[in-house]
Amino acid sequence: MAETNRAWFERASVVIPGGVDSPVRSFSSVGGVPYTVVEGEGPYVVDVEGTRYIDLVQSYGASLLGHAHPQVVSAITQAARHGSTFGAPTKGEVLLAEAMTSRVPGLEQVRFVSSGTEAVMSAVRVARGATGRSKILKFDGCYHGHADHLLVAGGSGVAELGLPGSAGVPPEAVADTVVAPYNVIPTLDETFACVLVEPVAANMNLVAPAPGFLEGLRAECDRVGALLLFDEVITGFRLAQGGAAEFFGVTPDLWCFGKVIGGGLPVGAFGGKAELLTVLAPQGPVYQAGTLSGNPLATAAGRSVLEHVTPASYIELTTRAQAFGRDLEAAIQRGGIGARVVSVGPLLGLYVGSGRDPIETPTNYVEAKAIIDQGIYPLFFHALLRRGVAMAPGAYEIMFVSMSHSDEILAEVVAKATEASLEVAASR
Ligand SMILES: *Cc1c(COP(=O)(O)O)cnc(C)c1O
């Protein structure tokens, strides 16, 4: 068999539906065939054809240090030597839980699961169990994983495919899910168990919370006795050491984590105050479980990441990412297509548009979608990919700069972005 991306994708498509294990990887919204990765190192990934890309996907935020960081690799191999799962408590889960709770102000306890989806699903169950209420509120364009009751008006791949939700989700499953526009403080009543929010919306491309939005949610939840749930699956341990709660100074009742805390292995976690979490089995009536939860390999990997970074690392990452964002925006504009790079801390969202004029910063899903619907992203994505820079194959995803992306590497991306922009502008 020829070692080509096409051949591997065709082979994958025989045995894996659509050839992918997560729809965002499929290139269905940008066209073409995905590259099949054989290895990654720091800021790079290499495909089966031997092409090396500067990788701005970084497993959609799961990688903070870059691929195959030596300390993480060593933590995983060490842990593997002692056995990878037991069905009994292990030291590793205690150590990671301590590392997390000591870094996030207000977070007292966490329980580990194996994905962000599971974390949110479990946290919503806690909120409903603790309040005895059924209704939940989420925001248009926010993504909280693929549990039935959260698959409405979702961002990421759901937005990519232009779906209002998902087939296979019965109306009853979403009957208690209320959707509201991001950045508008909703009016709640005593029937709401919780409000779920991405404190920085990072699945409708990037949309920053307006000043006062998160504070307003906190106050509105308190007014009616609903719980505030921060889905920090992306922002946790990336925006700052203490995540969005520290960054914005707003403390939720429940947190969800994933991505960074697994160091590249499958982990999620949800948590909050110890008193609230007494509702969870075995202490309370809310059932939640997992054979591989708190997995020794995954918790070792996650802990090695958290221990590797300091508050100063986040400042450095933010400074570098923001400078890159500014340069990237200017470089694309220079090439002839409209661009706006939105940044919040080290998080970067690139919007490209059909006009030459600068693009206005979107404040919600409708505004983000209006820019994305101009259809320039797929052209720009491929022009950049041909030059060895891999961004996410979907315009609703954000760019991830890892700790391994040096100034030199980012400068290379900027130079290639001008070329890509010139090419796209010339083709139109
Ligand atoms: C990725 C993501 C999830 C889902 O996590 P998985 O590990 O993919 O299940 C949930 N919420 C947010 C904000 C995410 O970005």
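Author: Buried means under 20% relative accessible area. Keep that cut-off in mind. The model here is a predicted one.

Reader: How many residues of strand 10 are buried?
Author: Strand 10 spans residues 268-272 and is mostly covered. In a regular strand the side chains alternate between the two faces of the sheet. On one side of strand 10, Gly268, Phe270 and Gly272 are buried, and on the other Ala269 and Gly271 are buried. The count for strand 10 is five of five.

Reader: In what sense do strand 4 and strand 10 run?
Author: Strands of a sheet pair through backbone hydrogen bonds, either parallel or antiparallel. Gln109 stands opposite Gly272 in strand 10. Five bridges join strand 4, residues 109-113, to strand 10, and the two run antiparallel.

Reader: Which residue of strand 10 is the bridge partner of Phe257?
Author: Strand 9 covers residues 254-257. Four bridges join strand 9 to strand 10, in the antiparallel sense. The partner of Phe257 in strand 10 is Ala269.

Reader: Why does Ser122 count as buried?
Author: Ser122 lies in helix 5, residues 116-131. Leaving out residues up to four places away in sequence, Ser122 touches Val113, Phe270 and Gln288. Buried means under 20% relative accessible area. Ser122 counts as buried because its relative accessibility is 3%.

Reader: What is the order of the four strands in the open sheet?
Author: The pairing in this sheet is mixed. The edge strands are strand 1 (37-41) and strand 13 (389-390), and each pairs on one side only. The order is 1-2-3-13.

Reader: Which residue takes a positive phi in the hairpin of strand 1 and strand 2?
Author: Four bridges join strand 1 to strand 2, and they run antiparallel. Val37 stands opposite Asp47 in strand 2. Two residues sit between the strands of this hairpin. The residue with a positive phi, near 55°, is Gly42.

Reader: Which residue of strand 13 is the bridge partner of Ile54?
Author: Strand 3, residues 52-55, pairs with strand 13 over two bridges. Their sense is parallel. The bridge partner of Ile54 is Val389.

Reader: What angle does the direction of helix 14 make with that of strand 3?
Author: Helix 14 packs on the sheet. Helix 14 touches strand 2 (44-47), strand 3 and strand 13. With the direction of strand 3, the direction of helix 14 makes about 100°.

Reader: At what angle do the axes of helix 13 and helix 14 cross?
Author: Two packed helices are described by the angle between their axes and the distance between the axes. Helix 13 is residues 377-385, and helix 14 is residues 407-426. Their axes come within 9 Å and cross at roughly 130°.

Reader: How many nonpolar residues does the contact of helix 13 with helix 14 have?
Author: The crossing is right-handed. Helix 13 contributes Leu379, Phe380, Ala383 and Leu384, while helix 14 contributes residues including Lys416, Ala417 and Ala420. By class, the contact has one polar residue, two charged ones and, for nonpolar, seven.

Reader: How far apart in space are Phe381 and Ala420, C-alpha to C-alpha?
Author: Phe381 has its place in helix 13. In sequence, Phe381 and Ala420 are 39 residues apart. In space, C-alpha to C-alpha, the distance is 8.5 Å.

Reader: Is Phe381 buried or exposed?
Author: Not counting residues up to four places away in sequence, Phe381 touches Phe27, Val30, Met391, Ala392 and Pro393. The cut-off is again under 20% relative accessible area. Phe381 has 1% relative accessibility, so it counts as buried.

Note on methods:
Residues are numbered from 1 along each chain as its sequence is written. This is a predicted model: local features need pLDDT of at least 70, side-chain atom pairs count only at pLDDT 80 or more; totals for chains, interfaces and linings use all residues. Side-chain values use heavy atoms; hydrogens and water are left out. Axes are lines fitted to C-alpha atoms, for helices over the stretch in contact, and angles run from 0 to 180 degrees between N-to-C directions. A crossing is left-handed if the near helix is turned anticlockwise from the far one by less than a right angle, and right-handed if clockwise. Contact means heavy atoms within 4.5 Å. Ala, Val, Leu, Ile, Met, Phe, Trp, Tyr, Cys and Pro count as nonpolar, Asp, Glu, Lys and Arg as charged, and the others, Gly among them, as polar. Two strands pair if DSSP finds at least two bridges between them. Buried means under 20% relative accessible area, exposed over 50%, partly exposed in between (1.4 Å probe, protein chains only).
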